[in-house]
Amino acid sequence: MKIFICKSIKLAVFVLALACCTERFPSRYVLELPQVPEPWVSLLGEPNWRVEWVTPDGRRQTADYTPGMEIEIPVTWANPVTASPYWHNVLANTFKPCGALFPFDAIGGSLRLSWDAGIDSVFYWELVYANNQNRIPANFDWPRFRELFQSGVLSEAVLEDPWLVNWRTLAERTAESNFDRRRIVPEAAELKSFPVPAGLWYGTSPFAAPLFFEAGEQPVFPVRPGINVWISEKGILRVNGNTWMFIAN
């Protein structure tokens with residue numbers, strides 16, 4: 001499935017139309033953040049936000065979010081904005097971010113960030129890191145990519161929680177060849193048990209269903225490569241490979 005369209009008529013028409021009406025787009029946008037999942041707020045409190053975007057001169061800019069925050073972005077082709085929640089005891093980039101893509105999520109002078117578009121903005125940057133000069137992320141067919149999550153062609157597991165996919169690996173494979181939706185599959189997980197309190201445990205994805213363990217039951221978690229974090233009213237569990245830590249409240 002070829003989804004980079006830098007030579008297609010579709011992109012040419014869109015770029016021409018955008019170039020003709022660029023002056024209708026403001027260069028500064030007020031950021032609108034989505035509602036934070038209630039369990040995160042009840043267990044950790046209201047989060048701080050770390051915002052990342054591309055400035056008009058092409059630099060990647062980072063700043064903490066403040067209410068009514070405006071950012072200036074290039075008003076040319078697709079540009080990502082990412083906002084990662086963090087707390088005093090949970091570092092930024094631990095919980096999955098929300099995001100937006102200009103111009104698709106721009107409405108008037110506002111840029112509406114969503115949890116769904118957090119996938120888009122992260123995958124955009126993973127494509128940048130893959131560093132294939134022949135496939136520029138700004139030329140990726142983002143509307144068609146988004147349609148994949150509405151069309152029912154992806155697995156039920158991915159539709160329920162897109163963060164089960166390793167987007168870095170997918171970007172690297174896309175850079176090596178072409179984008180193929182059949183590669184959008186959950187990353188393998190290893191079930192591991194830990195001596196933590198029973199009850200409800202919530203992950204770092206806003207889409208993930210909570211895990212529930214009855215009293216006396218051995219809690220078992222699906223551990224994937226990298227850092228895994230779960231939170232509960234009893235504390236925070238961090239797992240990285242065979243190393244784990246439970247921090248009680």
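This is a predicted model: local features need pLDDT of at least 70, side-chain atom pairs count only at pLDDT 80 or more; totals for chains, interfaces and linings use all residues.
**Entry 1: a sheet**

I began with a sheet of 3 strands. It is open, antiparallel, and runs in the order β13-β14-β15. I looked up the edges next. They are β13 (227-232) and β15 (243-248), each pairing on one side only. Neighbouring strands here are turned by 10 degrees against each other on average, direction ignored.

Then I took one pairing. β13 joins β14 (residues 235-240) in the antiparallel sense over 6 bridges. Within it, I found serine 232 opposite glycine 235 of β14. I noted the general rule too: strands of a sheet pair through backbone hydrogen bonds.

**Entry 2: threonine 82**

I moved on to strand β5 (residues 79-86), where threonine 82 lies. Is threonine 82 buried or exposed? Its relative accessible area is 5%, and buried means under 20%, so threonine 82 counts as buried. Its side chain makes a polar contact with the side chain of serine 121, at 3.0 Å. Leaving aside neighbours within four places in sequence, I listed its contacts, including Arg50, Glu52, Pro97 and Trp125.

**Entry 3: the cores**

Which residues have the most contacts inside the largest nonpolar core? They are Leu31, Val81 and Ile231, in a core of 28 residues. Among the elements giving two or more residues to this core are β1 (28-32), α2 (38-44), β5 and β13. Not counting residues up to four places away in sequence, leucine 31 touches Val51, Tyr65, Met69, Ile71, Val81, Leu111 and Leu113. Another core lies apart from the largest one. That other core has 22 residues, among them Tyr124, Leu127, Phe140 and Leu148.

**Entry 4: aromatic pairs**

I counted 29 aromatic pairs. I checked phenylalanine 194 with tryptophan 244. The ring centres are 5.5 Å apart and the planes stand at 55 degrees, so this pair is tilted. Phenylalanine 194 sits in the loop between β9 (190-193) and β10 (199-201), and tryptophan 244 in β15, so the pair ties together parts 50 residues apart in sequence. Phenylalanine 194 is buried at 4%, whereas tryptophan 244 is partly exposed at 38% relative accessibility.

My next pair was phenylalanine 221 and tryptophan 230. Their centres are 4.8 Å apart and their planes at 50 degrees, so this pair is tilted. Phenylalanine 221 is buried at 0% relative accessibility. Tryptophan 230 is buried at 8% relative accessible area.

Last, I looked up a cluster. Ring pairs link its members, including Phe123, Tyr129, Trp142, Trp167 and Phe179.

Note on methods: Residues are numbered from 1 along each chain as its sequence is written. Side-chain values use heavy atoms; hydrogens and water are left out. Two strands pair if DSSP finds at least two bridges between them. Helices (H or I, at least four residues) and strands (E, at least two) are DSSP runs, numbered from the N terminus. Axes are lines fitted to C-alpha atoms, for helices over the stretch in contact, and angles run from 0 to 180 degrees between N-to-C directions. Buried means under 20% relative accessible area, exposed over 50%, partly exposed in between (1.4 Å probe, protein chains only). A polar contact is a pair of N or O atoms within 3.5 Å; within protein, one must be able to donate a hydrogen and the other to accept it, and residues adjacent in sequence count only if both atoms are side-chain atoms. Contact means heavy atoms within 4.5 Å. A nonpolar core is a set of buried Ala, Val, Leu, Ile, Met, Phe, Trp, Tyr and Cys residues joined through side-chain atoms within 4.5 Å. Rings of Phe, Tyr and Trp (its six-membered ring) pair if their centres lie within 6.5 Å; planes under 30 degrees apart count as stacked, over 60 as edge-to-face and the rest as tilted.
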